[in-house]
Amino acid sequence: MILVTGGTGYIGSHTVVALLDKGYEVVIIDNLSNSEESVLNGIKKITGKTPAFVKGDVKNQQTLDKLFQDYPKINAIIHFAAFKAVGESVEQPLKYYDNNVNGLIQLLKTMESHSVNKIVFSSSCTVYGQPGILPVDETAPVVKPESPYGNTKKINEEILFDAVKSGKGLKAISLRYFNPIGAHPSALIGELPIGVPNNLLPYITQTAIGIRKELKVFGNNYNTPDGTCIRDYININDLANAHVVALEYLFNQNVEYDVFNLGTGKGSSVLEVISAFEKSCNISLNYSFAPPRNGDVEKVWANPAKAKKILNWKAKISLEDTVLSAWEWENHYRKQLKNN
Ligand code: WQD
C-alpha cells in the first residue's frame, strides 16, 4: 500500500490515479489547505476505485502514528504535501520552512518508527536557479534557490540524503520537476489554484474563460528568441507516471538515494505557450506585456536523459495536447461549479 501525502493536490491526485490504474492500493493524507476533498470523486470516476483518505497534517505526529497503525500495509510513501507558492514563500518564509521542512522530518521519523523505508520526494528544478549550462542535467550545481519555497526543496533533498547515509535502511528518490501543466484527459481532475493563480497555464485558462480580464506576460526583453522566459512544460500525466516508475525502481533495484530531472527536454517561451493554446483551443487570448517578475529565471529546460536511461521513462504528451487538456478541465470544472 502506498501512502500519498498531499494526494488531493494537483500532482498528487494525478499520481494517485496512475497508482490505482497500475493496481496499487493507496491511502491519502491531506490537510485540504490547498485542495478539495471533492477531488476524490474525480479519482473514483476515472479509476473506479476509491483510495482511503485521511484528513490531516503530516507535521502532526499523533495523526501520522495513527495513520500508520490504521494502515499497516503501507510500504512506501510518495511525499507531495507542501506549500508551493513562490511569491508567498518570500513574504512568509517561516510558514514555508515550518510546513515543508518540519513536515518531511516528522514523516521520516514516523516512517522509521514504523519500519517503512521507501520514499519518493517531490522536488523541483528550482534548486538549479539559473543553470549555467542548458539543458540542465542532475550533475548541475544546486544553488541557493531564489525563494524560500525553492530552498525548502534543496534542504529537504539534503535531509533525505543524510537520512539515507545514516545507514538505517532508508531508500529515497528526489524527483526534480520542471513545469507541470495540463489535466487528466477525462477532464475530471486538474489544477485547482485557490485564489489568483501564480502559474502561467491556470492564468491562461482563467483568462480564456473570462474569470481574469487579461494575462500579463512578465517580461519580454529577456535574452531569448522572442524576449519572453523559457521553461520546460511537462504534461501532468507524464509526470504522474514517472512517480510510479520511480517507486518501482525503489522496490526492484538496490538503490539508496537518487535524483532525477522530470522534464520534456524542450524549452518553450511564454509566447510559444500562448500560441500553442490559441491554436489548440481555437481561442484568441487577451494578454499584454508587464515588467519581469522578481525571482524568475530567464531560461531553464531539462536534460531528461538520466530518467530515460535508468527509469526507461520519457515525457510523451505534446505541448499542444497538454494545453488543450487544461482548457477542457477549466470548462468542466466551471460547469461543475454552476451545477452545484
Ligand atoms: C512560468 C513562466 C513567468 C504567470 C514555479 C516554481 C516551480 C513550480 C512551478 C510549484 C514564467 C510566466 C507566469 C503569469 C507570466 N512550483 N508567467 N504571467 O515560476 O517557472 O515555476 O511554478 O509547483 O518550482 O518555481 O512557473 O507558471 O509561475 O511561470 O508571464 O501570469 O510564465 O514569468 O516565465 P515558474 P510559472
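Q: Two strands count as paired once DSSP finds at least two bridges between them. With that in hand, what is the strand order of the open sheet in this model?
A: The model is a predicted one, by the way. Its open sheet has 7 strands in the order 3-2-1-4-5-6-11, with parallel pairing. From one strand to the next, the twist averages 20°.

Q: What makes strand 3 and strand 11 the edge strands?
A: Each of them pairs on one side only. Strand 3 covers residues 52–55, and strand 11 covers residues 257–262.

Q: How do you know that strand 6 and strand 11 are paired?
A: Count the bridges: strand 6 (residues 171–177) is joined to strand 11 by 6 of them, and the cut-off is at least two. The two strands run parallel. As for individual partners, Leu-175 is bridged to Phe-260 in strand 11, while Arg-176 stands opposite Asn-261.

Q: Which helix lies across strand 5, strand 6 and strand 11?
A: That's helix 6, which runs at about 155° to strand 5 (118–124).

Q: Why are helix 5 and helix 6 called roughly parallel?
A: Angles under 35 degrees count as roughly parallel. Helix 5 (residues 93–113) and helix 6 (residues 148–165) pack at about 20°, with their axes 9 Å apart, so the label roughly parallel applies. The crossing is right-handed.

Q: Which residues make the contact between helix 5 and helix 6?
A: On the helix 5 side you'll find, among others, Tyr-96, Tyr-97, Val-101 and Leu-104, and on the helix 6 side the list includes Tyr-149, Ile-155, Ile-159 and Leu-160. By class, this contact has 13 nonpolar, 4 polar and no charged residues.

Q: What makes helix 7 and helix 11 oblique to each other?
A: Roughly parallel needs an angle under 35 degrees, and roughly perpendicular starts at 65. The axes of helix 7 (residues 200–208) and helix 11 (residues 319–339) cross at roughly 55° and come within 10 Å, so this pair is oblique. Helix 7 passes helix 11 in a right-handed crossing. Leu-201, Pro-202, Thr-205, Gln-206 and Ala-208 of helix 7 make the contact with Val-323, Ala-326, Trp-327, Glu-330 and Arg-334 of helix 11. Sorted by class, that gives 6 nonpolar, 2 polar and 2 charged residues.

Q: Why does Ile-209 count as partly exposed?
A: Buried ends at 20% and exposed starts over 50%, with partly exposed in between. Ile-209 has 28% relative accessibility, so it counts as partly exposed. You'll find Ile-209 in the loop between helix 7 and strand 8 (215–218).

Q: Which residues does Ile-209 touch, leaving aside neighbours within four places in sequence?
A: Ile-209 is in contact with Trp-327, Glu-330, Asn-331 and Arg-334. Of these, Trp-327, Glu-330 and Arg-334 also take part in the contact of helix 11 with helix 7.

Note on methods:
Residues are numbered from 1 along each chain as its sequence is written. This is a predicted model: local features need pLDDT of at least 70, side-chain atom pairs count only at pLDDT 80 or more; totals for chains, interfaces and linings use all residues. Side-chain values use heavy atoms; hydrogens and water are left out. Axes are lines fitted to C-alpha atoms, for helices over the stretch in contact, and angles run from 0 to 180 degrees between N-to-C directions. Helices (H or I, at least four residues) and strands (E, at least two) are DSSP runs, numbered from the N terminus. Angles under 35 degrees count as roughly parallel, over 145 as roughly antiparallel, 65 to 115 as roughly perpendicular and the rest as oblique. A crossing is left-handed if the near helix is turned anticlockwise from the far one by less than a right angle, and right-handed if clockwise. Contact means heavy atoms within 4.5 Å. Ala, Val, Leu, Ile, Met, Phe, Trp, Tyr, Cys and Pro count as nonpolar, Asp, Glu, Lys and Arg as charged, and the others, Gly among them, as polar. Buried means under 20% relative accessible area, exposed over 50%, partly exposed in between (1.4 Å probe, protein chains only).
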